[in-house]
Amino acid sequence: FNMDTNPGWTTTGQWAYGVPAGVGGDPTSGYTGANVYGYNLNGQYANNIPQYALTTGVIDASNANNVSLRFQRLLGIESSTYDHASIEVFNGSTWQQIWNHTGGSFLDSGWQAQNFDI
């Protein structure tokens with residue numbers, strides 16, 4: 001997905017597709033164009049919020065080998081003591097966590113390539 005057009009993913013909370021405002025460490029554009037999917041495109045996330053999800057549509061990889069999830073990330077998050085972020089994939093019957101923020105606070109200084117073997 002190159003984000004030139006909205007792929008129509010399911011959002012909850014303040015997840016949204018569009019041009020980020022560049023507030024609070026956020027970018028002013030996407031990695032390959034103007035748009036991103038991000039949480040609160042106009043600033044930072046609020047304190048004490050519940051879990052909100054951004055979910056793609058079905059991607060059928062049942063006939064594929066060596067499948068990976070690759071994307072560019074620009075993330076700022078507080079310590080996992082307070083804030084939580086994770087990535088999960090659905091294997092056809094259950095959700096499986098493939099990444100979970102377990103460390104201290106950080107702010108990516110730019111777009112970071114991510115690659116997960118799923």
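Trainee: What makes the backbone oxygen of Glu 78 and the side chain of His 101 a polar contact?

Mentor: That oxygen lies 3.0 Å from a polar atom of the His 101 side chain. A polar contact is a pair of N or O atoms within 3.5 Å; within protein, one must be able to donate a hydrogen and the other to accept it, and residues adjacent in sequence count only if both atoms are side-chain atoms, so the pair at 3.0 Å qualifies. The His 101 side chain also reaches the backbone nitrogen of Ser 80 at 3.4 Å.

Mind you, this is a predicted model: local features need pLDDT of at least 70, side-chain atom pairs count only at pLDDT 80 or more, and totals for chains, interfaces and linings use all residues. Residues are numbered from 1 along each chain as its sequence is written, and side-chain values use heavy atoms, leaving out hydrogens and water.

Trainee: Is His 101 called buried or exposed, and why?

Mentor: Buried means under 20% relative accessible area, exposed over 50%, partly exposed in between (1.4 Å probe, protein chains only). His 101 has 5%, so buried it is. Across the 118 residues of the chain, 24% count as buried.

Trainee: Which residues does His 101 touch, beyond those up to four places away in sequence?

Mentor: Contact means heavy atoms within 4.5 Å, and the partners include Ile 77, Asp 83 and Phe 106.

Trainee: How do you know that the chain's radius of gyration agrees with a compact globule?

Mentor: The radius is taken over C-alpha atoms, and the rule is 2.2 Å times the number of residues to the power 0.38. For 118 residues that rule gives near 13 Å, and the chain's 15 Å agrees.
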